[in-house]
Amino acid sequence: MAGMVEIENAEKTYDGGFQALKGVSLSIEEGEILALLGPNGAGKTTLISTICGITMPTGGSIRVGGHDVVRDFRAARSLVGLVPQELTLEPFETVWSAVRFSRGLFGAKRDDAYLDELLRRLSLYDKKHSQLQELSGGMKRRVLIAKALSHDPKVLFLDEPTAGVDVELRRDMWDIVAKLKETGVTIILTTHYIEEAEAMADRIGVISAGELLLVEKTTDLMARLGRKELRIALSAPIETVPEGLSDYDLRLEDEGETLIYTYDTQAERTGIARLIGSLSEAGLSIADVETTQSSLEEIFVGLVRKEDDEGDAA
Amino acid sequence: MNWTAIWAIYRFEMARFVRTFLQSIISPVISTSLYFVVFGAAIGSRIDEVDGISYGAFIVPGLIMLTVMTQAISNASFGIYFPKFIGTIYELLSAPISFAEVILGYVGAAATKSLFIGVMILITATFFVDLTVQNWPAMLAFLVLTCTSFALLGFIIGIWASNFEQLQLVPLLVVTPLVFLGGSFYSISMLPEFWQKVALFNPVVYLISGFRWSFFGMADVPVMVSLLAIAGFTALCVLTVWWIFKTGWRIRA
């Protein structure tokens with residue numbers, strides 16, 4: 001079955017020659033929440049802008065609900081709602097006129113009952129007739145979401161929904177996204193916070209320098225991120241890992257002076273206490289211990305390096 | 001055609017006008033009255049007549065044209081520039097609408113506003129001078145075409161401008177001088193012969209002349225030439241807008 005959003009080899013080169021997207025391919029299922037994770041300038045916003053019609057792709061194809069976003073832009077864009085990163089709103093309009101305008105702009109018939117319900121869902125109803133310039137940042141963000149949802153889209157894009165938002169509002173935003181998912185909306189969000197992606201997304205796509213490095217289930221990626229290494233500096237170097245320690249995931253480094261144990265922080269038992277016991281049973285004495293975690297950056301670096309190696313080999 | 005979207009834009013733009021309705025009426029009424037005091041009473045008392053028409057009545061068509069042109073430009077250019085400036089243009093770009101529909105909404109609203117102001121001035125003028133309109137259909141046609149074509153020009157300026165100074169530049173440096181030198185307050189025939197020839201290169205001369213013809217049945221240039229000029233100007237604006245639409249110039253990267 002084709003996904004709700006199908007991106008095939010999408011490319012975007014700006015007039016200045018800067019290549020923001022270098023052939024991104026991605027399929028997003030209906031009702032799924034996908035987080036696009038990556039550093040600033042990685043191409044997250046460009047990818048979203050290209051799907052939504054704010055910039056034109058220079059190569060490849062993008063379909064939303066089976067409609068090509070360039071050739072069949074009316075059908076494609078009717079299915080899409082976009083919440084931009086910046087709090088861009090007409091200051092003198094009211095919440096109500098703003099959402100009504102958005103609904104009309106997307107060609108949907110006037111439906112005050114739906115918009116009332118939408119404002120209630122986003123806790124905006126009592127601000128219905130307030131001017132947008134009077135609202136707090138968090139409320140403005142909600143208005144942007146209400147505008148994006150005003151025509152009942154099937155796909156919602158949230159560009160950095162929690163950028164510059166305090167902790168409480170961030171939790172709020174996560175709740176809103178969870179509720180939207182229940183209504184069957186497909187959600188694509190960008191972020192550069194790993195914990196945010198973890199809290200909201202079913203799958204995480206990692207994007208860097210215009211390339212999609214990986215797309216994985218959140219649970220799988222977190223498991224990889226959850227692995228830690230215990231580095232044990234030995235008082236005296238050894239040649240091989242002793243027989244009695246073969247049950248453990250161990251390897252030797254630094255010419256036998258360091259033993260490295262890899263474990264899962266999210267497992268019920270890390271096995272560290274048992275390992276320390278086994279080490280002294282094997283007659284090894286410990287000079288020092290240290291733990292390290294593979295961070296998102298390391299995963300990035302690992303992925304980029306792997307690609308470079310493959311590139312060199314080819 | 002996404003008529004719902006065109007209506008949404010038109011309605012949204014008109015709402016701004018309605019919110020400031022009082023200002024929208026008062027300012028043209030006051031400025032028209034001022035023009036009548038200065039040009040009609042003070043200067044006009046020494047001019048008496050132009051081609052058999054009292055000077056006070058003679059300047060009415062020029063005055064309407066002057067205001068309508070500047071209002072159409074400023075309304076349309078601001079209407080499209082403001083979303084660009086504050087960033088809400090993202091919504092227009094991501095909406096299932098074509099550029100033609102965006103133009104119909106914005107230009108339609110700007111033309112409506114300036115048409116309304118033009119009519120306000122006409123009504124105010126009747127309190128000061130005796131006015132007759134010899135050819136109502138021609139008068140309305142010239143008025144509507146001018147509102148529309150200058151709103152189109154304003155839209156182009158709004159798309160082109162990348163700051164507020166540029167937004168003011170074309171109206172201030174090009175349009176206002178052309179309108180003032182276009183015979184708003186005098187007949188071209190009053191100029192020395194050399195400047196009469198120069199004036200014929202000013203496109204606004206043809207608009208004002210044609211518009212004045214519809215009031216008094218007299219004109220600096222034949223009315224058909226005026227009609228061709230305004231049609232040509234409108235066509236030029238439409239072509240430019242079409243080109244912007246094709247290339248996404250200054251709007252869509």
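Reply: Buried means under 20% relative accessible area, exposed over 50%, and partly exposed in between (1.4 Å probe, protein chains only). This is a predicted model, where local features need pLDDT of at least 70, side-chain atom pairs count only at pLDDT 80 or more, and totals for chains, interfaces and linings use all residues. Residues are numbered from 1 along each chain as its sequence is written, chains are lettered from A and ligands numbered from 1 in the order in which they are written, and side-chain values use heavy atoms, leaving out hydrogens and water.

Me: How many salt bridges are found over all chains?

Reply: A salt bridge is a side-chain nitrogen of Lys or Arg within 4 Å of a carboxyl oxygen of Asp or Glu. Searching the whole structure over all chains gives 19.

Me: Is A:Glu196 buried or exposed?

Reply: A:Glu196 forms a salt bridge with A:Arg170 (4.0 Å, N to O). A:Arg170 has a relative accessible area of 16% and is buried. With a relative accessible area of 0%, A:Glu196 is buried.

Me: What is the relative accessible area of A:Arg251?

Reply: The side chain of A:Arg251 meets that of A:Glu229 in a salt bridge (3.3 Å, N to O). A:Glu229 is partly exposed at 22%. A:Arg251 is partly exposed too, with a relative accessible area of 35%.
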